[in-house]
Amino acid sequence: MELFAPRGTNDILPDAVGGWQYLERIVRETCERYGYREIRLPLFEHTEVFARGVGETTDIVEKEMYTFQDRSGRSLTLRPEGTAQVVRAFIEHKLYGKALPFKVYYIGPMFRYERPQKGRYRQFHQFGVEALGSASPLLDVEMIALPISLYRAAGLHEFEVHINSIGCHVCRPAYREKLTAYLSERREALCPTCLERLERNPLRVLDCKNPGCREATEGAPKSHEHLCTECHDHFSTVRAGLDAVGIRYVLNPRLVRGLDYYSRTVFELIGLDLGAQDALGGGGRYDGLVEQCGGPPTPAVGFAVGMERLLLSLEARDALRSDGRAPQVYVAALGDAARSRALEIALAMRQAGLRTELDYEDRSLKAQMRTAQRSGAQYVVILGDDELAAGRAAVRKMATGEQSEVPLTGIVQWLEGRVNG
RNA sequence: GUGGGUGUAGCUCAGCUGGUUAGAGCGCCAGGUUGUGGCCCUGGAGGUCGUGGGUUCAAGUCCCAUCACUCACCCCA
């Protein structure tokens, strides 16, 4: 093999596309039902958008970005996530001047330079939803409810909902102090990366998987118990809202999220069939990000879901459906004269809106019938010299095997009236 | 970036301690039905054994390197 796709990228072949189209349709229908409109943004941005938007100390920015220079020397980066660029577009087009909240969803490929493994690829696909311009806890609830109802619509019922609140610029510094003090007393128990985190981003020590670190942080101060009054009230209302709409969740004090822009509510949807990369989706509030990126103070909340992971989960449960559709009609022909007439008839049927396939090679009727049956075609039109002479075709309904003689002049209408789907 | 596993036909894989023309199932093509699918039977096409070195009389099999895939660490969707 000479040429191959770059590591971590995947070709989505025709047999798999139906599943993608199915999911994409569910995504669009669900998002629109919740009042979100699609936004389409560039696949690459000025590197600055992500460096400032995602956070300089995040792994994404430090080591996972596909960054390159264009011919004029500008530094550009293939988008590793969507929130930062939605914020950029929101500010650039001064959308804060329009009716708020600004509610959008996006769907498309993202790029991160990581070692691939199950559920993790260098080019992967996400859909995400963002609402900018409202601090209402009702939106937090809606943000959690949306992906859940989407999963259910798609056929996935096995997942957990984890939530937490990590406070805001008012209460987080104090909490951070407390946590740092607590962790500092247990330095010996922490892994090397956590010692690093202790300096730069102590909250991240909480979600380390290392057994030693987990033990050391067992009794650590919990962010949701150190919230300021506003954050506390907000979180209480979110939780009450979740209860009210019947969403069961786990309050997970270790859930802190890896991106710097989050504040207050954070949540993650954990898949049960995914191996190590088990986050189906996640998100939270990012009330300070718009201002930090140069816009007016604007509270916001959003989430993103990994499409491959959703697909993997559905496949694991044998629940993946497909929008791919089989031909309705297959035209089989015997002999040269019949074959050119077959093309004519097939084109007329396609013109009329019927999904029609035909045989291009000079193959036996048996071979054509086999191909037709495997394609899933509902009807086979059989054309030979006899039929040509008589001006009729034999039309076989594959499901039942019953066969009729249909005049060629009316065959399109005849099939239009009988075919389904 | 680090570690483990795996690379043999289009697909899934077998190939014993190195030994002659490398196999199976599925798929594909054809025939059995001189014009009819699903089941069955028969036959056929298809392989630089990932790649490059090395050891040996002899390498799919052993050694080294390399590439790719995969799982995990890390991190996240």
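Predicted model: local features only at pLDDT ≥ 70, side-chain atom pairs only at ≥ 80, totals over all residues.

Residues are numbered from 1 along each chain as its sequence is written, chains are lettered from A and ligands numbered from 1 in the order in which they are written, and side-chain values use heavy atoms, with hydrogens and water left out.

Q: How many residues does the largest nonpolar core have?
A: A nonpolar core is a set of buried Ala, Val, Leu, Ile, Met, Phe, Trp, Tyr and Cys residues joined through side-chain atoms within 4.5 Å, where buried means under 20% relative accessible area, exposed over 50% and partly exposed in between (1.4 Å probe, protein chains only). Val87, Leu132 and Leu190 have the most contacts (heavy atoms within 4.5 Å) inside the largest such core, whose count is 51 residues.

Q: Is the peptide bond from leucine 100 to proline 101 cis or trans?
A: Most peptide bonds are trans. For the bond from leucine 100 to proline 101, however, omega is near 0 degrees, and the bond is cis.

Q: Is arginine 264 buried or exposed?
A: Arginine 264 has a positive phi of about 50 degrees although it is not a glycine. Its relative accessible area is 14%, so arginine 264 is buried.

Q: Is aspartate 318 buried or exposed?
A: Aspartate 318, also not a glycine, has a positive phi of about 55 degrees. With a relative accessible area of 72%, aspartate 318 is exposed.
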